[in-house]
Amino acid sequence: MFNLRFKCTVISSWHMVLHAVPKANKMIANKNRYSETERFVYAKWIINYMRKHARTRTRVYGRENIPTDSNYIMYPNHQGKYDALGIILAQEKPCGVLWGKKQAERLMSRQVCGLIDAVVIDLDNNRDKVRAIMDVTRQVKSGRNFLIFPEGGYTDNKNELQEFQAGCFSCSLQTKTPIVPIALFDSYKSMNSNTFERVDTQVHFLKPILYSEYGELKKKEVAELVKSRIEERMAQIKAGKINESYELIG
């Protein structure tokens, strides 16, 4: 996979990068001068710029399912480089992301990670996995919202789900916060393809799963529950049974 679409998106955004990188670095280095909301808004501006240059529009379904009276943890399926970006653009309140180290070290990804106080994880290091999950748990307990991809990475799975790793659900079991399953559809087309036509991706926020529903389950059972909710939604999308209204980003 050459990912020509992603490379062209980066190249065509060079003039934005020239002024966005210094400004983002300044905001990251002076967090006492820039609030979490200010930094999150600027991160969204960068992401939206990249979205436009990737010729991507995103349909957002179920925004009303995002809790407003509690912080929460979101668990989506994983397809490609645009996944976290599409979800962040649909967020009104700041949220952190558990971000893979290899992705986080790239130019602009590094800046976005710093702006939103992402937790970077080395997926090849078991000790670092434990450290990262503990860090996310601590931040959620402090009141932050977080985005975690339970599949870990992605391959060429497109709209098919992979195995959900149970360990990341300890964050929810320890913080007792609502779980928001998210179904991503056609997200891989934005930055993990070699085509250049305009694409539409979909983000479906599903009904939150409260602690009263999952609190007595083991981590593996919670993983299976969340995966089943996403699988059900994906099947409905593929069957053309989604008649709900959506908000369009783009």
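**Notebook: salt bridges, helices and ring pairs**

I started with Arg-138, which counts as exposed at 53% relative accessibility. For the burial classes I use under 20% relative accessible area for buried, over 50% for exposed and partly exposed in between, with a 1.4 Å probe and protein chains only.

A note on the model: it is predicted, so local features need pLDDT of at least 70 and side-chain atom pairs count only at pLDDT 80 or more, while totals for chains, interfaces and linings use all residues. Residues are numbered from 1 along each chain as its sequence is written, and side-chain values use heavy atoms, leaving out hydrogens and water.

**Salt bridges**

I found 15 salt bridges in the structure, each being a side-chain nitrogen of Lys or Arg within 4 Å of a carboxyl oxygen of Asp or Glu. Arg-138 meets Asp-135 in one of them, at 2.5 Å from N to O. Both sit in helix α7, three residues apart, or about one turn of the helix. My helices (H or I, at least four residues) and strands (E, at least two) are DSSP runs numbered from the N terminus.

Next I looked up Lys-31, whose side chain meets that of Asp-117 at 2.4 Å, N to O. This pair links distant parts of the chain, 86 residues apart: Lys-31 is in the loop between α2 and α3, and Asp-117 is in the loop between α6 and β4. Lys-31 is partly exposed at 35% relative accessible area. Arg-39 joins Lys-31 and Asp-117 in a network of salt bridges.

Which residue does Lys-102 bridge to? I get Asp-124, with the closest N and O atoms 3.7 Å apart. Lys-102 lies in helix α5 and Asp-124 in the loop between β4 and α7, so the pair ties together parts that are 22 residues apart in sequence. Lys-102 is exposed, at 64%, and Asp-124 counts as exposed, also at 64%.

**Helices and cores**

I then checked α2: its 16 residues reach 23 Å between first and last C-alpha, close to the expected 22 Å, where the expected span is 1.5 Å times one less than the number of residues. There is a kink of about 30 degrees at Ala-20, shortly before Pro-22; the bend is the angle between axes fitted to the seven residues ending there and the seven starting there. Buried residues of α2 include Ala-20, Val-21 and Met-27.

The largest nonpolar core has 45 residues, and Met-74, Trp-99, Ile-116 and Phe-205 have the most contacts inside it. Its largest share, seven residues, comes from α3. By definition, a core is a set of buried Ala, Val, Leu, Ile, Met, Phe, Trp, Tyr and Cys residues joined through side-chain atoms within 4.5 Å.

**Ring pairs**

I count five aromatic pairs, taking rings of Phe, Tyr and Trp (its six-membered ring) with centres within 6.5 Å; planes under 30 degrees apart are stacked, over 60 edge-to-face and the rest tilted. Trp-45 and Tyr-49 have their centres 5.7 Å apart and planes at 45 degrees, so I log the pair as tilted. Trp-45 is partly exposed at 38%, whereas Tyr-49 is buried at 17%.

Last, I logged Tyr-61 with Tyr-246, a tilted pair at 5.3 Å centre to centre and 50 degrees between the planes. Tyr-61 lies in strand β1 and Tyr-246 in the loop between α11 and β8, so the pair ties together parts that are 185 residues apart in sequence. Tyr-61 is buried at 5%, and Tyr-246 is partly exposed at 38%.
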